[in-house]
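Here's a walk through one protein model, taken a piece at a time. Have the sequence and the structure open as you read.

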Amino acid sequence: MASSQLFNSFLSYSFLVNSHSTSTVHHYMPKLVIKCNATPIAVNNISPPPPSPSNINFSAKYVPFNSISTNTSTTESYSLDDIVYRSHAGGLLDIQHDMEALKQFDGEYWKTLFDSRTGTTKWPYGSGVWSKKEWVLPEIDNDDIVSAFEGNSNLFWAERYGKKFLEMNDLWVKHCGISHTGSFKDLGMTVLVSQVNRLRKMNVPLVGVGCASTGDTSAALSAYCAAADIPSIVFLPANKISMAQLVQPIANGSFVLSIDTDFDGCMKLIREITSELPIYLANSLNSLRLEGQKTAAIEILQQFDWEVPDWVIVPGGNLGNIYAFYKGFKMCQELGLVDRIPRLVCAQATNANPLYLYYKSGWKEFRPLKASTTFASAIQIGDPVSVDRAVYALKNSNGIVEEATEEELMDAMALADSTGMFICPHTGVALTALIKLRNSGIIGSTDKTVVVSTAHGLKFTQSKIDYQSREIKNMACKYANPPVKVKAEFGSVMDVLKKYLSNTRLH
């Protein structure tokens with residue numbers, strides 16, 4: 001290319017950049033095409049984002065979940081500014097968006113808009129949740145949003161784990177635990193606390209926000225409330241969560257009650273308390289949280305360049321998250337971003353498996369149970385609030401429910417860690433489900449599969465220490481890798497290293 005031609009191309013490029021410059025900084029550049037021997041070369045194939053749809057009044061409201069699950073019309077609905085957790089009949093609520101308004105823009109528009117916001121610093125769209133604001137909480141003012149720019153978490157290609165243990169080449173782990181407080185609960189809590197912040201600015205008499213928790217919910221609630229200067233009250237089951245989880249709400253200034261019961265007992269108490277005192281309920285009975293959590297599903301599609309995976313495996317305790325993933329995928333399908341949804345798998349610990357037993361009975365009868373102690377403490381729930389939501393999601397995604405024993409989940413966690421991950425026991429539950437479905441041939445070797453990791457492994461170091469030290473009663477801990485004690489002598493160290501190296505194939 002002649003130097004004059006190149007200079008002219010540069011001038012054209014500069015004009016395009018400057019013509020798109022405004023007071024708002026966008027992380028995009030117009031396409032530059034340099035012609036050389038009549039062959040166009042795309043230097044930057046990123047188009048400017050479409051304008052934000054500010055001229056459309058998007059809206060959302062609470063409706064009875066039963067009207068969604070049975071596809072029936074209802075006259076019962078509530079504003080999101082109403083403090084309501086149950087329908088008139090006592091059932092769950094769901095948030096229904098004005099889909100006709102959203103459908104005024106096609107799927108390509110939404111994909112381009114969402115992609116243009118990813119990774120920006122423009123408030124609040126740099127958040128993985130609020131980059132989808134129109135689909136989450138469309139009517140809230142940006143100044144009322146409480147965000148730590150959560151989301152945008154790593155979708156990790158588990159290449160070595162997949163190839164070595166499962167003969168899979170397309171296995172991915174969505175690390176939702178790489179987040180502000182170390183769990184996926186941040187995705188929902190930013191939405192809920194933002195709405196509470198809005199209500200308090202409207203002078204709604206709310207003295208604080210409360211939750212029952214197995215650890216991660218309280219960590220997220222306390223952090224977001226602290227950021228917004230909103231009091232938070234936490235009910236925790238005594239001696240049933242890790243110290244790493246317990247210290248988070250304490251450090252963030254929550255009023256913490258350690259109660260001599262399990263999670264289900266704490267949940268019963270917080271529901272009674274919030275019905276009597278002006279404390280806003282933050283558990284997933286409140287469907288606001290699910291609006292934030294559904295964005296993880298949209299994010300997975302974004303990270304695959306809008307290609308739909310075959311399977312998504314989600315650990316299940318209170319069972320709101322499996323429905324949230326379904327809802328995110330389904331909205332993308334209904335609004336034309338994708339043409340199908342993945343099959344969903346809900347993975348439960350055997351010691352807390354009411355949904356699994358319900359599934360194995362052919363969905364005949366749901367029976368709550370008393371959950372036994374499990375290393376996957378965040379899903380140690382025997383009477384899940386969102387069971388109806390979970391069943392609906394699984395039935396409509398041709399889904400499956402699997403379970404994992406304590407030894408299975410700990411072994412799966414150890415194997416994953418040995419390939420460079422550092423996962424939580426709940427992810428071990430999900431990986432166990434994957435192993436079983438892979439071994440049975442239900443999940444194929446070429447199926448694009450995503451395992452959702454819900455919390456950071458650093459929250460569960462004691463369980464890892466106990467496993468690696470082989471100190472767990474009645475568990476072989478067959479993949480443990482304890483340190484070798486050796487004298488502080490050159491000869492002793494050499495002998496140990498030679499023995500190790502003789503059994504190790506160096507690469």
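This is a predicted model: local features need pLDDT of at least 70, side-chain atom pairs count only at pLDDT 80 or more; totals for chains, interfaces and linings use all residues.

## A charged network to start with

D94, E291, K294 and K327 are joined in a network of salt bridges, a salt bridge being a side-chain nitrogen of Lys or Arg within 4 Å of a carboxyl oxygen of Asp or Glu.

Residues are numbered from 1 along each chain as its sequence is written, and side-chain values use heavy atoms, with hydrogens and water left out.

## The whole chain

The protein has 19 helices and 14 strands; these are DSSP runs numbered from the N terminus, with helices being H or I of at least four residues and strands E of at least two. Of its 507 residues, 56% are buried. Take the contacts (heavy atoms within 4.5 Å) with a separation of 6 or more: residues 24 or more positions apart account for 68% of them.

## More salt bridges

There are 17 salt bridges in the structure. Side chains of opposite charge can pair when their charged atoms come close. One of these bridges is R117 with E134, whose closest N and O atoms are 2.9 Å apart. R117 belongs to helix α4 and E134 to helix α5, so the pair ties together parts 17 residues apart in sequence. R117 is buried, with a relative accessible area of 5%, and E134 is buried at 10%.

R340 and D310 also meet through their side chains in a salt bridge (3.6 Å, N to O). That pair links distant parts of the chain, 30 residues apart: R340 is in the loop between α13 and β12, and D310 is in the loop between α12 and β11 (311–315). R340 is partly exposed, at 34% relative accessible area, and D310 is partly exposed as well, at 28%.

Helix α4 (residues 107–117) has eight of its 11 residues buried, so it is largely enclosed by the rest of the structure. Among the buried ones are W110, K111, F114 and R117. What covers them? The cover for the buried residues of α4 includes α3 (99–102), α5 (133–136) and α12 (295–303).

Strand β13 (residues 400–404) is mostly covered, with five of its five residues buried. I400, E402 and A404 point one way from the strand, while V401 and E403 point the other way. Five bridges join β12 (residues 343–349) to β13, and the two run parallel; A347 stands opposite E402 in β13.

## A four-stranded sheet

Now for an open sheet: four strands in the order β9-β8-β7-β10, with parallel pairing (two strands pair if DSSP finds at least two bridges between them). β9 (255–259) and β10 (279–281) stand at the edges with a single partner strand each, so one side of each is left without a neighbour in the sheet. The twist averages 25° from one strand to the next, using axes that are lines fitted to C-alpha atoms (for helices, over the stretch in contact) and angles from 0 to 180 degrees between N-to-C directions.

Three bridges join β7 (residues 208–212) to β10, and V209 stands opposite Y280 in β10. Helix α7 (residues 185–201) packs on the sheet, touching β7 and β10, and its direction makes about 150° with that of β10. Helix α8 (residues 216–228) packs on the sheet as well, touching β7 and β8 (232–237), with its direction at about 170° to that of β7.

Technical notes:
Buried means under 20% relative accessible area, exposed over 50%, partly exposed in between (1.4 Å probe, protein chains only).
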